[in-house]
Amino acid sequence: MDFLAMLQKVGFVDAQMIAETGFNSTPKTRGMLFRAAKVASIVAEKNKARGDLLSKYQEFFEETYAQGELDRKTKHLIALGASLAAGCEA
Amino acid sequence: MDSQISIDDLNKIEAGIRQKYSEVARSPEGQFQYPTGRKGLKTLNYDKALIAKLPDAVASSYCGVGNPFSLGKINEGEKVLDIGCGAGVDTILAAMMVGPNGLAVGVDIVPEMIARAESNLKMTGMENVSFQTTSGENLPFADDIFDVVISNGVINLIVDKEAALAEIRRVLKPGGRLMMADQIAVASVQKDIQGRVASWFQ
């Protein structure tokens with residue numbers, strides 16, 4: 001496994017191979033510069049994940065109620081009927 | 001890491017590396033296929049003003065494979081860890097960058113290298129530097145304490161690279177940066193173990 005894959009595997013973010021250094025230890029190896037970071041804050045990371053999830057749900061919602069064989073209003077009325085039949089009153 | 005290498009072979013490789021670097025600790029001259037010492041530092045475009053401050057005996061022990069400081073700025077007051085610091089030239093340069101309110105720590109698995117680093121440090125008279133003999137796979141530091149980890153031509157020599165990288169990430173603060181120079185294989189490596197041990201660190 002190469003360095004970049006390993007850096008990502010152990011949890012680094014923004015892992016990048018930047019440039020050759022020109023200093024090679026053997027004819028079969030190259031000197032190389034690498035950069036990576038530890039994510040700035042776990043809270044920020046979680047919020048980002050939550051944001052991603054919310055936008056995925058939004059996409060799903062829009063797709064479901066999009067104008068198709070049935071119009072948007074009919075779909076909403078079916079959903080309302082189904083949720084009342086399921087005993088959902090909230 | 002190729003799976004056909006046995007633990008026994010890995011131990012041989014590690015012993016070979018320790019032997020080589022205990023010799024490098026005396027002088028890197030003639031031990032590498034690239035420029036070492038002050039010439040190496042100049043070729044790799046290290047900060048001229050900083051390398052001018054290094055005593056000759058300190059600069060002559062440099063044998064890095066790249067300039068990790070070219071990857072980003074190190075700020076005043078930061079804490080820097082140098083993994084596989086060798087004779088400590090990068091550690092001492094990092095200490096100059098962070099200044100008296102910052103700290104630079106160098107670790108290396110080879111005791112002779114740490115001894116050379118300590119004697120180099122004495123020649124500079126700097127106080128914001130410390131060195132420790134330890135394995136990169138098991139760092140004696142708490143979580144989240146370093147702003148920057150630097151490393152120069154070392155991770156490729158570590159037997160369990162993944163463990164070493166995980167340890168680096170553990171001791172970095174959130175938002176901390178890893179800046180490293182290293183050797184990567186560009187052709188198929190030696191498959192027979194004799195050749196592998198012999199060429200691992202050339």
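Student: What radius of gyration does chain B have, against that of a compact globule with 202 residues?
Tutor: The model is predicted, so the value describes predicted coordinates. For 202 residues a compact globule would come out near 17 Å, and chain B agrees with that. Along its principal axes the C-alpha trace of chain B spans about 50 × 40 × 30 Å. The radius of gyration of chain B is 16 Å.

Student: Is chain A spread out or a compact globule?
Tutor: Chain A has 3 helices and 2 strands, in the order α-β-β-α-α from the N terminus. Its radius of gyration is 25 Å, while the globule rule gives 12 Å for 90 residues, so chain A is more spread out than a compact globule. The box filled by the C-alpha atoms of chain A, taken along the principal axes, is roughly 75 × 30 × 20 Å.

Student: What share of the 202 residues in chain B is buried?
Tutor: Chain B holds 8 helices and 5 strands. Of its contacts with a separation of 6 or more, 71% are between residues 24 or more positions apart; in chain A that share is 19%. Buried residues make up 14% of the 90 residues in chain A. In chain B the buried share is 45%.

Student: How many residues of helix 5 of chain B are buried?
Tutor: The buried residues of this helix include Val89(B), Asp90(B), Ile92(B), Leu93(B) and Met96(B). Helix 5 of chain B is largely enclosed by the rest of the structure, because its buried residues number 9 of the 10.

Student: Which element of chain A gives the most to the side that touches chain B?
Tutor: The interface has 29 residues of chain A in contact with 32 residues of chain B. Helix 1 (3-9) and strand 2 (29-37) of chain A each supply at least two residues to that side. The chain A side divides into 15 nonpolar, 8 polar and 6 charged residues. The element giving the most, with 9 residues, is strand 2 of chain A.

Student: Which strand of chain B is joined to strand 2 of chain A, and do the two run parallel or antiparallel?
Tutor: The two strands are joined by 9 bridges. Leu33(A), for instance, stands opposite Ala181(B). The partner is strand 5 (residues 172-185) of chain B, and the pair runs antiparallel.

Student: Which strands are at the edges of the open sheet?
Tutor: The sheet has 7 strands in the order 1(A)-2(A)-5(B)-4(B)-1(B)-2(B)-3(B), with mixed pairing. An edge strand here pairs on one side only. On average, neighbouring strands are turned by 15° against each other, direction ignored. The edges are strand 1 (13-20) of chain A and strand 3 (129-133) of chain B.

Student: What angle does helix 7 of chain B make with strand 5 of chain B?
Tutor: Strand 4 (residues 146-152) of chain B runs parallel to strand 5 of chain B, joined by 6 bridges. One bridge pairs Phe146(B) with Leu172(B). Helix 7 (residues 161-171) packs on the sheet and touches strand 1 (79-83), strand 4 and strand 5 of chain B. Its direction makes about 155° with that of strand 5 of chain B.

Student: Does Asn156(B) count as buried or partly exposed?
Tutor: Asn156(B) is in the loop between strand 4 and helix 7 of chain B. Not counting residues up to four places away, Asn156(B) touches Asp182(B) and Gln183(B). A buried residue needs 20 or more C-beta neighbours within 10 Å. Asn156(B) has 19 inside 10 Å, so it counts as partly exposed.

How values were computed
Residues are numbered from 1 along each chain as its sequence is written. Chains are lettered from A and ligands numbered from 1 in the order in which they are written. This is a predicted model: local features need pLDDT of at least 70, side-chain atom pairs count only at pLDDT 80 or more; totals for chains, interfaces and linings use all residues. Helices (H or I, at least four residues) and strands (E, at least two) are DSSP runs, numbered from the N terminus. The radius of gyration is taken over C-alpha atoms; the globule rule is 2.2 Å times the number of residues to the power 0.38. A residue is buried if 20 or more other C-beta atoms lie within 10 Å of its own, exposed if 12 or fewer, and partly exposed in between; C-beta atoms are placed from the backbone. Two residues are in contact if their C-beta atoms, placed from the backbone, lie within 7 Å. Ala, Val, Leu, Ile, Met, Phe, Trp, Tyr, Cys and Pro count as nonpolar, Asp, Glu, Lys and Arg as charged, and the others, Gly among them, as polar. Two strands pair if DSSP finds at least two bridges between them. Axes are lines fitted to C-alpha atoms, for helices over the stretch in contact, and angles run from 0 to 180 degrees between N-to-C directions.
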